[in-house]
Amino acid sequence: MKRRIFFKLAGISALSAMVQNVFAYGTKNSVIDSNSMTNPFRIKGNWYKAALHVHTTTSDGDVDVPTRLQQYREKGFDVVAITDHRQTNDLSGYTTRKFLAISSIEFHPETYSGAPTHHLLGIGLPHPYKYNNSLPAQEMIDDIKSKGAKVFYAHPYWTGHTFVEMTEVSGYLGLEVYNDGCESTNSAESQIYWDQMLNKGYRLSGLATDDVHRSEKVGKAWTMIKADKLNEKSILDALENGCFYASKGPEIEDFFVDENMKVNIKCSPVHKIAFRINGAGNGRVFLSNDSQGLSSAEWDMSKKKPKWVRCEVIDKDGNSAWTNPIFM
Ligand SMILES: [Zn+2]
Ligand SMILES: [Zn+2]
């Protein structure tokens, strides 16, 4: 009897520790305040069009590595990270003066909560990488980071996660705000996760990716990276620093907050410009009322005292681009 009570109590205390662990978001996660961001529109450099989530026949894609890279070159991409599930590829020989192929991975550690596995991108993971499926999630992230890779959280909406699963682990720089592959299940956009994490104090950036598996889906979404040069170090540094924006169509030309707390955006003509800040009901939408569209907007945030602001612009065909947040 006593033994049974002991085990029952031990069970409850283990369960309670697990619950505390899962719900202790914002306490053990070292992402908070550790991620500095550089405004790509306010520094010198060149823009490079990047595909950062790409599959080949090494995992479940429809064509091999050279064919996939050629498809992206033909679509005008400068940078391609091949992110096959649980394995890297030998990409030596594909990088030229005008094209950068980056050995990368999509990895799938178990969640601590029992929810479906995390999907994470490790961009810039040297080949070969010995994948250890049994590593706990945080150890797997830390191991992949220790090899120099930049880690991003992939498609949380598709995975069916809440932001609690995202806060189980740390060390990622941002999330996929848009994953075109998830259009097939109507779960491509993860903006709400982004805002929830930003409101909890996590300084995360946002990528747009194809997550391409089939050739007809190449080049639907991309990340525009501002960097000094087209080489792996400059591109990975820019990813680390949030020096990019995400798009599936519109171009963003400028985004800044002036000394009077007015936020400004300049972009290719769009139908809608939406600023988003933290707090209840806090945001502002500008709509175009003619066929010319809007190519700039300014909003006075001085009374709102926001902690962060980001912007989404949407063209007349419904294609968006997303800036990274600016933190006050
Ligand atoms: Zn995935
Ligand atoms: Zn994928």
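Why does Arg-86 count as partly exposed? With 14 C-beta neighbours inside 10 Å, Arg-86 falls into the partly exposed class, because a residue is termed buried if 20 or more other C-beta atoms lie within 10 Å of its own, exposed if 12 or fewer, and partly exposed in between, the C-beta atoms being placed from the backbone. The structure is a predicted model, in which local features need pLDDT of at least 70 and side-chain atom pairs count only at pLDDT 80 or more, while totals for chains, interfaces and linings use all residues. Residues are numbered from 1 along each chain as its sequence is written, and chains are lettered from A and ligands numbered from 1 in the order in which they are written.

The protein contains seven helices and 17 strands, where helices (H or I, at least four residues) and strands (E, at least two) are DSSP runs numbered from the N terminus. Of its 328 residues, 43% count as buried. Among the contacts between residues at least 6 apart in sequence, 64% join residues at least 24 apart, two residues being in contact if their C-beta atoms, placed from the backbone, lie within 7 Å.

Leaving aside neighbours within four places in sequence, Ile-225 is in contact with Tyr-48, Ala-50, Val-79, Ile-235, Ala-238, Leu-239, Cys-243 and Phe-244. Within helix H7 (residues 232-240), Ile-235, Ala-238 and Leu-239 are buried. They cover an arc of only 100° around the axis, which puts them on the same side of H7; the arc is that of the directions from the helix axis to the C-beta atoms. Gly-242, with a positive phi near 65°, follows H7.

E5 pairs with E4 in the antiparallel sense over four bridges, two strands being paired if DSSP finds at least two bridges between them, and Tyr-153 of E5 is the bridge partner of Leu-120. With E6, by contrast in sense, E5 pairs in parallel over two bridges, and Gly-174 of E6 is the bridge partner of Phe-152.

Helix H3 (residues 137-146) has Ala-137, Met-140, Ile-141 and Ile-144 buried. Seen down the axis of H3, these buried residues fall within an arc of 100°, so they line one face of the helix. An α-helix has 3.6 residues a turn, so residues three or four places apart point the same way. The buried residues of H3 pack against strand E3 (100-107), strand E4 (120-123), strand E5 (150-153) and helix H5 (163-168). H3 is followed by Gly-148, whose phi is positive, near 105°.

Ser-190 lies in the loop between strand E6 (174-179) and helix H6 (191-199), and counts as buried because 27 C-beta neighbours are inside 10 Å. Not counting residues up to four places away in sequence, Ser-190 touches His-155, Pro-156, Tyr-157, Leu-175, Glu-176 and Val-177. Between Ser-190 and Tyr-178, twelve residues apart in sequence, the C-alpha to C-alpha distance is 6.3 Å.

Three strands form an open sheet in the order E10-E11-E14, with antiparallel pairing. Its edge strands, each pairing on one side only, are strand E10 (252-257) and strand E14 (294-300). E10 and strand E11 (residues 262-270) pair over five bridges in the antiparallel sense, and Val-263 in E11 is the bridge partner of Val-257.

Several backbone features remain to be described. Most residues other than glycine have a negative phi, and most peptide bonds are trans. Arg-86, in the loop between strand E2 (79-82) and E3, has a positive phi near 60°. Lys-305, in the loop between E14 and strand E15 (308-314), also has a positive phi, of about 45°, although it is not a glycine, and is exposed, with 12 other C-beta atoms within 10 Å. The peptide bond from His-127 to Pro-128 is cis, with omega near -5°, and Pro-128 lies in the loop between E4 and H3.
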